[in-house]
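Visitor: I would like to learn how to read a model like this one. Could you take me through it step by step?

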Amino acid sequence: MSSLPFENCDFEVRQDLIDAHQEAWSRIASPGTWLTGERRIAVAAEIRQARACDFCQEIKDALSPNAVSGTHTATGALSDAEVELIHRVVADPGRLSQPWSQEVLAGGLSEGEYVEIVGIIASTMIMDTCTMALGVADTDLPEAVAGEPTRYLPPGAKVEAAWLPVVEPEDVVETDEPLYPSPKVGYIYRGLSMVPESMRNYWAMANAHYMPGEYIYQFDKTIRALERPQMELIAARVSALHQCAY
Amino acid sequence: MLRESTQIADNQVDLKDVTQGLSDGTQIPNADVLVNFAESIVSRDIARIAAARLAVADTLGNDAMVDAAAVASAFHGFVRIADAIGIPYTTAAQGQDVPEIREAAGINDFYRIQEAG
């Protein structure tokens with residue numbers, strides 16, 4: 001474990017990437033919209049636990065994810081529904097289904113909690129994968145910050161195209177605070193919009209790894225040390241290996 | 001995104017390489033070392049990652065290697081949001097990923113699309 005992101009890295013890491021990791025860990029440790037800081041850190045710990053879960057590996061190896069039964073090797077800090085959500089999204093995201101998501105919700109999670117946990121999973125997976133890729137140990141999980149979740153529910157959130165509620169650009173209200181940089185943002189950008197704070201925190205961190213939204217459709221430009229086709233080849237291959245159809 | 005960016009850069013890409021691995025049909029500079037690095041990261045095989053990382057750093061330099069690691073990592077998050085929230089695959093790339101492109105890339109064989117019928 002490293003107390004600071006990219007500590008003892010053999011390579012020179014750009015400062016905005018280091019800052020993005022530090023800021024993201026700090027936000028994960030703070031009270032969220034539906035989860036306390038303590039529960040959010042427990043989610044992050046469960047994400048790391050899922051990497052060593054034998055049952056997750058059995059599911060991943062099975063021809064169908066529904067063909068095996070068993071129990072996840074969990075930290076014991078979270079409910080069964082939270083553990084199922086975290087382990088399946090970490091280990092076998094390409095074979096999730098709408099009935100599965102409904103079962104997780106029926107297990108006692110609210111839609112807001114589900115979306116907030118998915119945001120923590122996505123953020124933690126990015127950061128832990130990035131440090132692993134650069135040969136650095138996982139960053140220590142920070143101490144949870146005390147306080148109450150805001151429990152803010154965007155009035156425009158509704159189930160339409162996706163399995164979980166999403167706030168479409170035309171349904172954004174002032175209390176959602178800045179949500180979208182453009183009304184034409186891609187659908188992936190809207191995924192966490194039911195929990196606006198999670199969505200903003202996630203993209204602030206993710207953009208430092210890929211690129212800010214304003215550059216996405218400028219295919220002739222790059223703001224990184226790679227050419228755009230090189231970046232997109234990596235992106236497409238990683239997505240395909242995850243069986244992601246999006 | 002890959003198709004658009006390669007067209008503009010006048011690079012050649014065989015879309016099925018996305019699902020089946022790199023072939024001679026894809027001509028993007030240093031595609032071999034970059035794809036090998038990306039695949040190693042997904043595998044989580046530490047020894048394989050270390051070798052692939054050095055190959056990228058030796059070929060393209062420190063900054064490009066860091067950015068390759070960062071991009072590969074980013075897509076460990078994006079895919080999980082798309083798949084856990086159930087974002088329709090038909091909305092990818094502003095709806096421009098038409099069935100013919102998904103077929104050419106081999107994406108139509110993925111579980112999510114097969115399940116959707």
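Guide: What follows goes from the chains to their interface and then to single residues. Keep in mind that this is a predicted model.

Visitor: How many helices and strands are there in chain A?

Guide: Begin with the secondary structure. Chain A has nine helices and zero strands, and along the sequence its pattern reads α-α-α-α-α-α-α-α-α. Chain A has a radius of gyration of 18 Å, close to the 18 Å given by the globule rule for 246 residues, so it is as compact as a globular protein of that length.

Visitor: What box do the C-alpha atoms of chain A fill?

Guide: Taken along the principal axes, the box is roughly 45 × 45 × 40 Å. Two further values describe the packing. In chain A, 58% of the 246 residues count as buried. Among the contacts in chain A with a separation of 6 or more, 60% come from residues 24 or more positions apart.

Visitor: What does the secondary structure of chain B come to?

Guide: Chain B has eight helices and zero strands, in the order α-α-α-α-α-α-α-α. Its C-alpha atoms fill a box of roughly 45 × 30 × 20 Å along the principal axes. Of its 117 residues, 54% count as buried. For chain B, residues 24 or more positions apart account for 39% of the contacts with a separation of 6 or more.

Visitor: What area is buried between chain A and chain B?

Guide: The general idea comes before the number. The size of an interface is often given as the accessible area lost when the parts come together. Here the area buried between chain A and chain B is about 6,400 Å², and carbon and sulfur atoms give 74% of it. In terms of residues, 68 of chain A are in contact with 69 of chain B.

Visitor: How many salt bridges does the rule find across the interface of chain A and chain B?

Guide: The rule finds two. A salt bridge joins B:Asp67 and A:Arg14, with the closest N and O atoms 2.9 Å apart. The interface of chain A and chain B also holds 16 residue pairs in polar contact, both residues of each pair being at pLDDT 80 or more.

Visitor: Which elements give two or more residues to the side of chain A that touches chain B?

Guide: They are helices H4 (80–91), H6, H7 (187–190), H8 (196–209) and H9 (228–241) of chain A. H9 of chain A gives the most to that side, with 14 residues. Sorted by class, the side of chain A that touches chain B has 47 nonpolar, eleven polar and ten charged residues.

Visitor: Is A:Ser123 buried or exposed?

Guide: Compare its relative accessible area with the cut-off: buried means under 20%. A:Ser123 has a relative accessible area of 7%, so it is buried. A:Ser123 lies in helix H6 of chain A, residues 111–133. Leaving out residues up to four places away in sequence, A:Ser123 touches A:Ile28, A:Tyr202 and A:Met205.

Visitor: What is phi of B:Asp10 near?

Guide: Phi of B:Asp10 is near 60°, a positive value in a residue other than glycine. B:Asp10 sits in the loop between helix H1 (2–9) and helix H2 (17–20) of chain B. B:Asp10 is exposed, its relative accessible area being 69%.

Visitor: Where does A:Glu177 lie?

Guide: A:Glu177 is in the loop between H6 and H7 of chain A. Phi of A:Glu177 is near 60°, a positive value in a residue other than glycine.

Technical notes. Residues numbered from 1 in each chain as written. Chains lettered and ligands numbered in written order. Predicted model: local features only at pLDDT ≥ 70, side-chain atom pairs only at ≥ 80, totals over all residues. Heavy atoms only, no water. Helix = DSSP H or I, 4+ residues; strand = E, 2+ residues; numbered from the N terminus. Buried < 20%, exposed > 50% of the residue type's maximum accessible area, 1.4 Å probe, protein only. Contact = heavy atoms within 4.5 Å. Buried area = accessible area lost by both parts, 1.4 Å probe. Salt bridge = Lys/Arg side-chain N within 4 Å of Asp/Glu carboxyl O. Polar contact = N/O pair within 3.5 Å; in protein donor to acceptor, adjacent residues only side chain to side chain. Nonpolar A, V, L, I, M, F, W, Y, C, P; charged D, E, K, R; others polar. Rg over C-alpha atoms; globule rule 2.2 N^0.38 Å.
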